Amino acid sequence: MRGETTMNKTELIAAMAETSGLSKKDCDAALTAFITTVETALKSGEKVQLIGFGSFEVKERAARTGRNPRTKEIVEIPASKAPVFKAGQAFKGAIR
């Protein structure tokens, strides 16, 4: 995609520090705590919902049959779990 830029973790922490007035060290600790807490909640089967921002949850994917595109061989794809984020209405509206 053209014109697309990516903010890495260091840049995110710097932006959080500038916006909040907190130190980068404190913002790093807060971001790390947030990520760890969301991961722990999802692992235990909980959904994390932040009204106005969005929700994090785990979706289960059923086992299915697929095909190796290189060899055309049929392969069984096992069931799996995947974390997903669904943006809330306020968040969607803020980026339009």
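Predicted model: local features only at pLDDT ≥ 70, side-chain atom pairs only at ≥ 80, totals over all residues.
Figure 1. The C-alpha trace spans about 55 × 40 × 30 Å along its principal axes. Of the 96 residues, 16% count as buried. The accessible surface comes to about 8,000 Å², and carbon and sulfur atoms hold 56% of that area.

**Figure 2. Helices and strands in order.** The chain has 3 helices and 5 strands. Among contacts with a separation of 6 or more, 27% are between residues 24 or more positions apart. As for charge, there are 16 positive and 11 negative side chains, and the centres of these two sets lie 7 Å apart.

Figure 3. I13 sits in helix α1, which runs over residues 9–20. The side to look at here is its surroundings: leaving aside residues up to four places away in sequence, I13 touches K24, C27, D28 and L31. I13 has a relative accessible area of 8%, under the 20% cut-off, and therefore counts as buried. For a sense of scale, the C-alpha atoms of I13 and S23 are 9.1 Å apart, with the two residues 10 positions apart along the chain.

**Figure 4. The largest nonpolar core.** Five residues make up this core, namely V38, A41, L42, V48 and F56. Helix α2, covering residues 24–43, gives the most to the core, with 3 residues. As background, nonpolar side chains in soluble globular proteins tend to be buried together.

**Figure 5. K72 and its positive phi.** Here we visit the loop between β3 (64–67) and β4 (74–77), where K72 is found. The phi of K72 is positive, at about 65°, although K72 is not a glycine. Most residues other than glycine have a negative phi. Is K72 buried or exposed? K72 has a relative accessible area of 53%, which is over the 50% cut-off, so K72 counts as exposed.

Key: Residues numbered from 1 in each chain as written. Heavy atoms only, no water. Helix = DSSP H or I, 4+ residues; strand = E, 2+ residues; numbered from the N terminus. Buried < 20%, exposed > 50% of the residue type's maximum accessible area, 1.4 Å probe, protein only. Contact = heavy atoms within 4.5 Å. Areas by Shrake-Rupley, 256 points an atom, 1.4 Å probe, with all protein chains shown as cover. Lys, Arg positive; Asp, Glu negative; His and termini not counted. Charge placed at Lys NZ, Arg CZ, Asp CG, Glu CD. Core = buried A, V, L, I, M, F, W, Y, C linked by side-chain atoms within 4.5 Å.
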